[in-house]
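Colleague: I am new to this structure. Could you take me through it in short steps?

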Amino acid sequence: MNRRFYFRFGLLLLALFHGVVLCAGFFAPYDFSAQNREAPFARPTQVHFLDARGHFHLRPFVYRCLDGSASCETERSQACPIRFLASTVPDRLGGNSSWHFFRVDSPGQMFLMGTDSLGRDQFSRFLYGGRITLLAGWLAASLSLVLGAFIGSIAGFYGKAWDQVLMRGSELFLALPWLYLLFAVRAFLPLQITPAKAFLLVVAVIGFVGWARPARLVRGVVLSAKERNYVLAARGFGASEFYLLRRHILPQVFGLLLTQAALLVPQFVLAEVTLSFLGLGVGEPAPSWGNLLASLQQYHVLASYWWMYLPALALIPLFMGYQLLADALQERTKVVVV
Amino acid sequence: MRFLSKRLMHGSLLLVAVSVFSFLLLELAPGDFFEEMRLNPQISTQNLLVLRHRYGMDRSRLVRYARWVQSLVKGDLGFSFSYNSPVAPLLAIRARNTLLLTTTAMLAAWVLALPLGVWVAAKPGAWLDRLASGATSVLLSVPELLLALVLLLVAVRTGLFPTGGMVSPQFGELRFLYQARDLAWHLFLPVTILLLGLLPALMRHVRAAMSEVLGSPFIRSLHGHGLSEQRILFRHALPAAANPLISLFGLSVATLLSASLLVEIIMSWPGLGPLLLEAILARDLYLVIGAIMISTVFLVIGNFLADALLYICDPRIRVE
């Protein structure tokens, strides 16, 4: 039961995470750039079921201070019910989808993870940021898998000088400390660019740095596959080299690539988080998981506003899901990666 | 000895390759330190041209590489534009701090991982084993970045540990023992983060290597001879399992250097990490190359140590 349970649990966790992030427009109550200048660093809004007189309400509600300030006693505030699956006209805080999973009647506001220094809803930013970060991770992983499969199959199939040059190159990439390598490549690229360009740049840098391991593994598989009898037979029948690679050899690589993807995607998501956290990746105003955490580098944020940590904690289940998945896939394909 | 000299050759080749690779990247890079200056209206174009000429930035890349190698031989490692000084003295003190942090973390990780891994492997399926495997899977999935942030929160909230830096402001006036205590106090959090990042992977590998050895017949015969459990585990089984673990030590150097880079930045430990980040943000490219070269030197030394250990421990390599 155990192993299969963990695998399914990991898969479920990932599906949930990716689903919610993908439908950020639906699940996020506000727009990622909507500012709320009266409420900078607002605490996470408390959701109530019991009102001041102790009556239970099935529909949860939040309190909104009548004088507009961020916090006050319940006597001087007004209860605003939360509506689920509500279609709303965009109010002052915007929101680009009129359908929302939950919404608070105005003037109430609901910040599940609190707000940042500009009063932007952290929860919405977390979801929209996930779109950027996860997309970066997936794109970078596909880039380095494609690159790795291409280089690996050339090295494995053509051998000799190609093999020597490509594999020595991959050793260089594998030997160096990963983060130093990432920094080195990033260091030589321009700093002041728009978020869209920065996103593409980050994807390219991460994908370019990560090709070596998949390439070596693919090379190994191609090397053993090309000596198989059916490949030799096909060659005897006059099949072209391209046909041999496409039809007989590359299908063998598929399982390996899948396992590698389960390892690379979280690693690259983390790479994006790290780069953006340090200000080398996707910048404001676009949200990404890295630059959500970036404010934690300031001491006063660290010391006074604990809810700025919530995005960091929310990431842990995601990495756990990937870990479970990668473990299960490795177990199945018996590829050991240090 | 042929084995070791071959490994040393390999290491120095890696160093050369890294330097060439860095300069190749430089070739592809648009803009440099002076490019950023161009945005400043107070600096005229003439001045920029003069500056570029003085620092040799208008020469071809090949000439610049040759001159860099020349300064490497002189022990300067190039020139930092933003600090207006040769790179080597800037790096030396930072490298020492990084070395202090990483060696402490490495030692602590292995000192903990070996006995823990051995005991866990000795009784597979026992509560200790299950607890350890659960804890390692959780720790493996929490990245160092998040770990560092969470521990930093703990430090800030409780006030038990300093939230950054390497020594207290009054460090210079303290007596030696108090200085050591102050340093250890500052070391504690960064080392803990690195340790928690490194330990689970090491323990997993120690456990795997040990359980393979423990299944072999000679262990059963030792039991038959009536040797004590501890003696079998540490005197007989562990040396037999040492080979893959020593290779793992070599591999873990690179992982540790990466992790330490990030932890240093977050915990503001005055090592290579903050320096490298500053240098990147200022486009001080020779400083960047210098920091990368130093980390490669650490890596090569670490790998060489692993090879030397392997040479001492494994007679098969010596005979070959």
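Modeller: Start with a definition: two residues are in contact if their C-beta atoms, placed from the backbone, lie within 7 Å. Keep in mind that this is a predicted model.

Colleague: How many residues of chain A are in contact with chain B, and how many of chain B?

Modeller: The 7 Å cut-off between C-beta atoms decides the matter. With it, the count for chain A is 35 residues, and the count for chain B is 41 residues.

Colleague: Which helix of chain A gives the largest share of the side that touches chain B?

Modeller: Several helices take part. α4 (160-175), α5 (178-187), α9 (241-277), α11 (299-304) and α12 (310-333) of chain A each supply at least two residues of that side. The largest share is eight residues, and the helix that provides it is α5(A).

Colleague: How do the residues on that side of chain A divide into nonpolar, polar and charged?

Modeller: The side of chain A that touches chain B holds one charged residue and two polar ones. The nonpolar residues there number 32.

Colleague: What is the secondary structure of chain B, and what does its C-alpha trace span?

Modeller: Chain B has 13 helices and two strands. Along its principal axes, the C-alpha trace of chain B spans about 85 × 55 × 40 Å.

Colleague: What percentage of the residues in chain B is buried?

Modeller: A residue is buried if 20 or more other C-beta atoms lie within 10 Å of its own. Among the 320 residues of chain B, the buried share is 33%.

Colleague: Where are the domains of chain B, and what distance separates their centres?

Modeller: The domain assignment gives domain 1 (2-87) and domain 2 (91-319) of chain B. Taken over C-alpha atoms, the centres of the two domains are separated by 33 Å.

Colleague: Is B:Arg130 buried or exposed?

Modeller: B:Arg130 sits in helix α6 (residues 127-141) of chain B. B:Arg130 has 12, so B:Arg130 is exposed.

How values were computed: Residues numbered from 1 in each chain as written. Chains lettered and ligands numbered in written order. Predicted model: local features only at pLDDT ≥ 70, side-chain atom pairs only at ≥ 80, totals over all residues. Helix = DSSP H or I, 4+ residues; strand = E, 2+ residues; numbered from the N terminus. Nonpolar A, V, L, I, M, F, W, Y, C, P; charged D, E, K, R; others polar. Domains from an automatic or database assignment.
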